Amino acid sequence: MDINPIILAIPVYFILIGVEVLYDRLKHKKRYRLNDAITNISCGITEQATGVFIKVFTVAVYHFFFVNFAVFSVPETVFWTVILFLGVDFFYYWAHRMSHQINLFWIGHIVHHQSEDYNFSVALRQGALQKVFTSVFYIPLAVIGFKTEWFLFIGAFTTLYQFWIHTEMIDKLPRWFEFIFNTPSHHRVHHGRNEKYLDKNHAGTLIIWDRMFGTFQKEEEKPDYGVTSQTATFDPIKAHIDPIKALWRNMNAFDKNTDKLRVLYKSPAWLAKQPQIELPAHPVSKYDNTVGSDRGAYILLQYAIILGITAFFLFWFSTFSVATQVSFLAFILFSVMSIGKLLDKTKTGSNLELIRLFITLIFTLSVSVSSMFPPLFSSSIILLEMISLIWFFTFGVSAKPAKS
């Protein structure tokens, strides 16, 4: 069974998030909101669940060039491992930078920037389409002759590194470290929507690339996190779809086909200067919907179940038939969307959640019959969902939403 190192690191991620939440509560920092943190993780679930399908394309692109166009047979030595790391980090910088400077690529990356908080959960908030656009940047490494498996391992390491820089708990580090490496301070700048912070500090592991290519910005005033076109939803599916709809709307604001195409490869900054484009007002406060303690506790229980099923899917994906893989994916995406609608307190949120509860029961029972889930796992989910149905009707989860 071929397991992505990032998937293996997920339990560690959640332990660190738990530590940060505890620290946040003890220090009364209020850097975590339930609705925002769950949405961040839901976006991560969406990216991981779809990613097992998308990697058939993204990994295949790299492997195709390695097999057919590799110039050298690079030995797997310490020296060449360092060279590969520098190469991966260098091309990550350019892939990341172009994701901010090309509108088509931005729709894949914007999801990561939508959170208006800054904590470890934001590191998990990734766009499902991002790798589709950025995978081509690493083709030179394949042509040089770095093996696909080797490249994927080093690439996973650079991704894992970037988890710890998504925090406000760590202030500035020693000067020499801040000069060479990407740090929480540098990356807080990158997530800021302050004018001076826009499109700065694109580094993955080494901040030297930003210093070399003129995109470095030191952290000065506290960043205002998020994107300038506020994402007013806690639904991770809507958070992915809305930027695509906005890009389509912006293309249609132009009459000439050549201008429509230009929208795709020009930057968000260029687009903002066009008279045809109506810019949204700059956010003055965070998007928020207060969730009561009863509904919050209910959502946490449901989320634990969703996480359990998602983890099972990711770990055993390669053993399933295509039909089973697609069924799991549809169930997971519907589940995180339903929770997002509950957090948004939309009119459809409670109705969707009731449907989701019944679907979860039916889905679990059908999987249990096929002996796919371990018996104890299946029994636990069924019991929890029966409790959830009682909770749903008894403790106000199904009450009329506060927001239309």
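Predicted model: local features only at pLDDT ≥ 70, side-chain atom pairs only at ≥ 80, totals over all residues.
Residues are numbered from 1 along each chain as its sequence is written. Local features need pLDDT of at least 70, side-chain atom pairs count only at pLDDT 80 or more, totals for chains, interfaces and linings use all residues, and side-chain values use heavy atoms, with hydrogens and water left out.

**View 1. Helix α18 spans residues 349–369.** Helices here are DSSP runs of H or I with at least four residues, numbered from the N terminus. α18 has 21 residues. From first C-alpha to last it reaches 30 Å, close to the 30 Å expected at 1.5 Å a residue. That expected span is 1.5 Å times one less than the number of residues. Ser371 follows α18, and its phi is positive, near 60°.

**View 2. The buried residues of α18 and their packing partners.** Buried means under 20% relative accessible area, exposed means over 50%, and partly exposed lies in between (1.4 Å probe, protein chains only). Among the buried residues of α18 are Leu352, Leu357, Leu361, Phe363 and Val367. Gly349, Ser350, Thr360 and Thr364 are also buried. The buried residues of α18 pack against α16 (293–316), α17 (322–344) and α19 (375–394). Contact means heavy atoms within 4.5 Å.

View 3. A salt bridge is a side-chain nitrogen of Lys or Arg within 4 Å of a carboxyl oxygen of Asp or Glu. Glu353 counts as buried at 0% relative accessibility. Arg356 is buried too, at 1%.

**View 4. Lys147 pairs with Glu76.** The closest N and O atoms of this salt bridge are 3.4 Å apart. Lys147 lies in the loop between α8 (139–144) and α9 (148–161), and Glu76 in the loop between α3 (34–69) and α4 (78–101), so the pair ties together parts that are 71 residues apart in sequence. Lys147 is partly exposed, at 37% relative accessibility.

**View 5. Glu168 pairs with Lys222.** Here the closest N and O atoms are 2.5 Å apart. The pair links distant parts of the chain, 54 residues apart. Glu168 is in the loop between α9 and α10 (175–180). Lys222 is in the loop between α12 (208–213) and α13 (236–251). Glu168 is buried, with a relative accessible area of 15%, whereas Lys222 is exposed at 57%.

Terms used: Helix = DSSP H or I, 4+ residues; strand = E, 2+ residues; numbered from the N terminus.
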